[in-house]
Each structure stands twice: as C-alpha cells, then as structure tokens.
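Dear colleague,

Please find the structure below, handed over for your own work.

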Amino acid sequence: MTNHKNPDLPIHKLMFLLDLEFDMEVPKIKMAVDEILKHQDEHGIYQSLTNVPKHFGGAGVDVFSWCLCDAPLLLLAPIKAGMDYNDNPDKK
C-alpha cells in the first residue's frame, strides 16, 4: 500500500457499498464487518493490517495495529452496516 486514499482499498469499497445502503443482509458485507470486529486493541479501537518498515522504526512485518487514517472508517463501517456498537460481543 502506498497510501490510504487508494480507492481500491477494501475499506473504501465497503464504505461505498454502505453508502448505497447495502447492509449486513449481503453475506460479503457481513463477512467484512465480522472481520473488522475481530481486530480491536485493548482500548476497543479497530485495527488494520499494517507494515511499518524497519527504517521507519517498525518491525517490518505485517501486524494488526490502529492507524489514525483507518480507525474512523473501521468504526463507521460496522455502524453504517447496522451493527449496534454497544451490542458488539467482541467490544473490550
């Protein structure tokens, strides 16, 4: 990934479908939301798969971590899909 504005990123495609008012009745949207819900940090922030190169101080491997530019979309997507944030069984 070169930047987070890339329209081919799955989160942007998901948000587009949600903006068209598709919801979790669509199996692939439910699967995407379920996948988002699986990855939260200890504060409940949804995480994305990132890889910070060693020369930027990272580990140089793929890890789930929160990212300022992804966190709002990862929170908004399940809500737009019809999930009640307070009823999330994975919520920490």
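**Findings**

H3 is followed by Gly 82, whose phi is positive, near 105°. Helices (H or I, at least four residues) and strands (E, at least two) are DSSP runs, numbered from the N terminus.

This is a predicted model, in which local features need pLDDT of at least 70 and side-chain atom pairs count only at pLDDT 80 or more, while totals for chains, interfaces and linings use all residues. Residues are numbered from 1 along each chain as its sequence is written, and side-chain values use heavy atoms, with hydrogens and water left out.

**Overall fold**

The chain has three helices and two strands, arranged from the N terminus on as α-α-β-β-α. Of its 92 residues, 28% count as buried; buried means under 20% relative accessible area, exposed over 50%, and partly exposed in between (1.4 Å probe, protein chains only). Among the contacts in the chain with a separation of 6 or more, 49% are between residues 24 or more positions apart, where contact means heavy atoms within 4.5 Å. The accessible surface of the chain comes to about 6500 Å², and 60% of that surface belongs to carbon and sulfur atoms; the areas come from the Shrake-Rupley method with a 1.4 Å probe, and for residues only the protein chains shown count as cover.

In H2, Ile 29, Val 33, Ile 36 and Leu 37 are buried. They lie on the same side of H2, because they cover an arc of only 100° around the axis; the arc is that of the directions from the helix axis to the C-beta atoms. Pro 27, Lys 28 and Met 31, on the other side of H2, are exposed. The buried residues of H2 pack against H1 and helix H3 (71-80).

In H3, the buried residues include Ala 71, Leu 74, Ala 77 and Pro 78. They cover an arc of only 135° around the axis, which puts them on the same side of H3. The buried residues of H3 pack against H1, H2 and E1.

**Largest pocket**

The largest pocket holds about 550 Å³ of space. A pocket is found on a 1 Å grid over the protein atoms alone, as an open set of points where a 1.4 Å probe fits, with protein on both sides within 12 Å along at least five of seven lines; lining residues have an atom within 4 Å of a point. The largest pocket is lined by 21 residues, of which Pro 10, Ile 11, Glu 35, Ile 36 and Leu 74 lie nearest its centre. H1, H2 and E1 are the elements that give two or more residues to this lining, and the largest share, six residues, comes from H2.

**Individual residues**

Glu 21 lies in the loop between helix H1 (10-19) and helix H2 (27-37). Glu 21 has a positive phi of about 75° although it is not a glycine. Most residues other than glycine have a negative phi. Glu 21 is exposed, with a relative accessible area of 70%.

Asp 41, in the loop between H2 and strand E1 (48-50), counts as buried at 7% relative accessibility. The side chain of Asp 41 reaches the backbone nitrogen of His 43 at 2.8 Å.

Thr 50 lies in strand E1 and counts as buried at 16% relative accessibility. Leaving aside its neighbours within four places in sequence, Thr 50 is in contact with Val 61, Asp 62, Val 63 and Ser 65.

With kind regards

Notes
A polar contact is a pair of N or O atoms within 3.5 Å; within protein, one must be able to donate a hydrogen and the other to accept it, and residues adjacent in sequence count only if both atoms are side-chain atoms. Grid points are joined across faces, edges and corners, and a volume is the space filled by probe spheres set on the points.
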